[in-house]
Amino acid sequence: TARMCPTSGYIGRVAVLAKHRGRGVGTMLVQRLHMEAEVLGLTETYLGAQLTAEEFYCKLGYVRSNQDIFMDGGLEHVRMHRTITPMTSLLSGNLFW
């Protein structure tokens with residue numbers, strides 16, 4: 001599951017069942033949100049990533065917004081963002097439908 005605020009581009013609640021991780025499901029979900037963001041005319045998406053998921057988001061083009069670490073639900077997170085330019089969503093790795 002994943003969701004994005006259509007006015008701000010904030011992505012949240014990206015979650016894949018443990019038995020389905022490592023199969024591209026999370027990548028597919030986030031890439032679909034990138035496409036939606038582009039259609040909506042957004043120029044950026046951003047999120048709070050668990051430290052353990054930072055590498056996953058880096059592979060999708062995200063960078064840390066700053067070096068701060070914050071707690072959410074008892075877990076360490078970092079703020080990350082990704083700039084959207086026309087066609088970025090189609091060129092950011094494997095695209096699944």
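Which helix does Glu-54 lie in? Select Glu-54 and you land in helix α2, residues 54–59. Before going further, keep in mind that this is a predicted model, where local features need pLDDT of at least 70, side-chain atom pairs count only at pLDDT 80 or more, and totals for chains, interfaces and linings use all residues. Residues are numbered from 1 along each chain as its sequence is written, and side-chain values use heavy atoms, with hydrogens and water left out.

**Stop 1: the whole chain**

Colour by secondary structure. The chain has three helices and five strands, with helices (H or I, at least four residues) and strands (E, at least two) taken as DSSP runs and numbered from the N terminus. Starting at the N terminus, the order of elements is β-β-α-β-α-β-β-α. Of the 97 residues, 29% count as buried; buried means under 20% relative accessible area, exposed over 50%, and partly exposed in between, using a 1.4 Å probe and protein chains only. Now think about contacts, meaning heavy atoms within 4.5 Å. Among those with a separation of 6 or more, 59% are between residues 24 or more positions apart.

**Stop 2**

Select β3 (44–50) and β5 (75–83). These two run antiparallel and are joined by seven bridges. Across from Gln-50 you will find His-77 in β5.

**Stop 3: His-77**

Stay in strand β5 and pick His-77. Is His-77 buried or exposed? With a relative accessibility of 7%, His-77 counts as buried. Its side chain reaches the backbone oxygen of Leu-75 at 2.8 Å. That is a polar contact: a pair of N or O atoms within 3.5 Å where, within protein, one must be able to donate a hydrogen and the other to accept it, and residues adjacent in sequence count only if both atoms are side-chain atoms. Leaving out neighbours within four places in sequence, the contacts of His-77 include Gly-48, Ala-49, Gln-50 and Leu-51, along with Asp-68, Ile-69, Phe-70 and Asp-72.

**Stop 4: back to Glu-54**

Draw a distance from the C-alpha of His-77 to that of Glu-54: the two are 23 residues apart along the chain and separated by 8.6 Å. Glu-54 counts as buried, at 18% relative accessibility. Zoom in on its side chain, which makes a polar contact with the side chain of Arg-64 at 2.7 Å. Beyond neighbours within four places in sequence, Glu-54 is in contact with Arg-64, Val-78 and Met-80.

**Stop 5: the core**

Which residues touch the most other members of the largest nonpolar core? Of its 14 residues, select Met-4, Ile-11, Leu-47, Ala-49, Tyr-57, Tyr-62 and Met-80. A nonpolar core here is a set of buried Ala, Val, Leu, Ile, Met, Phe, Trp, Tyr and Cys residues joined through side-chain atoms within 4.5 Å. Helix α1 (25–39), β3 and β5 each supply at least two residues, and α1 gives the most, with three. Now centre on Tyr-57: not counting residues up to four places away in sequence, Tyr-57 touches Val-14, Val-30, Leu-47, Ala-49, Tyr-62 and Met-80.

**Stop 6: helix α1**

α1 has 15 residues and reaches 21 Å from first C-alpha to last, close to the 21 Å expected; the expected span is 1.5 Å times one less than the number of residues. After the helix comes Gly-41, with a positive phi near 80°.

**Last stop: the cysteines**

Select Cys-5, partly exposed with a relative accessible area of 30%, then Cys-58, also partly exposed, at 40%. The structure holds zero disulfides, a disulfide being a pair of cysteine sulfur atoms within 2.5 Å.

Key: Pairing = 2+ DSSP bridges.
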